[in-house]
Amino acid sequence: MDHLLIRKFRHRLLAWLHRSRSGRVFFVRRIPYKDVKRATDGFQRVIYSNSEVTAYAARFGEGGGGVFLVKEVKDFGQQNDVFCRQIQFLGRLHHRHLLSLKGFSVGKHKRLLIFDNIENGSLKEHLNDPLKTPLNWRTRLQIANEVVAALEYLFLFSDPPAYHVSISSSNIMLDENFAAKLSDFSLLTPSANSVMMPNSGGPSLSTENKTEVLILSYFTLMRSPASSGISDSMKQKSCKIIFQLGVLILELVTGQSSEMEGSDLIPWIQQSRFYNSIDKMIDPDLGNNYDCTELKNLLAVAKLCIKSRDKATFTISQLFRYLQRKIDISHDKK
């Protein structure tokens, strides 16, 4: 499929999405810094932290509508225009499996984004905390499917597509109904407000001026991972995200939260006869309350994702369709 056809299809698709889902920016409220500091207990309630952001749990006043996620964006320094672009981008994203941006705050040395309700905390908490009610099999299947659905939206239906996405049990939040919500995604990485373009060996181009090229590149990549017109940097990002998805599925199956980018779980699924040891690896909290066929289908997806660390041979959309066909997620979660 050449770039002209992809561009034409993309414009038609985005036009339909803008009519059906609305891509306009909703009102994003500026929240006083002192209120955010109080709600996070002086930024002590850390949920997760990485090179890009630190995320905190927050409760705003009496009956403030539940627990919210506050993200401190690192390394933006005094670049207010970059932070504003992030707010504009995040304010346009509307998907049931992405945390919605509710507000922002600015302190002397902090840039803060306030996101939607995370009443049930992170997926990692439910895998690790013995005091939490274990997630049943149906809920785990649903979470895997919801994460893939969110990824498909971010890369195919968001305009522009997300440039930074990270998936782990730490940054996947669960709402009051245990629906999965991705929390670690953005238009730019904080350390740079520019991106490398396809077939570009020279200086990077401004995202603000060259967004159209980036959109076309991601759209091509997510439809065809082997496309020759995409930079190595973008291919690596796609492979990394798919690999992280594979690790996440292993965490859902085993009930073990990986602390080493999956290196503690991956050797098992790379064994030629790993199916023979499923009984030893599956989360004991599940007992025998799971479907063997669904389990094998889910592990097949995980194995493909792990193999994609260096080169992806399929797209997020193909994964989503496979999960929909092979795994029955029509039942209500408990």
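Strand 1 and strand 5 (residues 101–106) run parallel and are joined by two bridges. Strands here are DSSP runs (E, at least two residues), and helices are runs of H or I with at least four, both numbered from the N terminus. Phe 104 in strand 5 is the bridge partner of Arg 30. The model is predicted: local features need pLDDT of at least 70, side-chain atom pairs count only at pLDDT 80 or more, and totals for chains, interfaces and linings use all residues. Residues are numbered from 1 along each chain as its sequence is written, and side-chain values use heavy atoms, without hydrogens and water.

The open sheet holds six strands in the order 1-5-6-4-3-2, with mixed pairing (two strands pair if DSSP finds at least two bridges between them). Strand 1 (29–30) and strand 2 (46–49) are at the edges; each has a single partner strand, so one side of each lacks a neighbour in the sheet.

The largest nonpolar core has 79 residues. Such a core joins buried Ala, Val, Leu, Ile, Met, Phe, Trp, Tyr and Cys residues through side-chain atoms within 4.5 Å. Helix 5 (residues 137–157) supplies its largest share, 14 residues. Another core, of 10 residues, lies apart from it and includes Phe 68 and Ile 114.

Asn 136 caps its N-terminal end, with a side-chain oxygen 3.3 Å from the backbone nitrogen of Arg 138. Val 147 touches (heavy atoms within 4.5 Å) residues including Ile 167, Leu 182 and Leu 248, not counting residues up to four places away in sequence.

Notes: Buried < 20%, exposed > 50% of the residue type's maximum accessible area, 1.4 Å probe, protein only. Polar contact = N/O pair within 3.5 Å; in protein donor to acceptor, adjacent residues only side chain to side chain.
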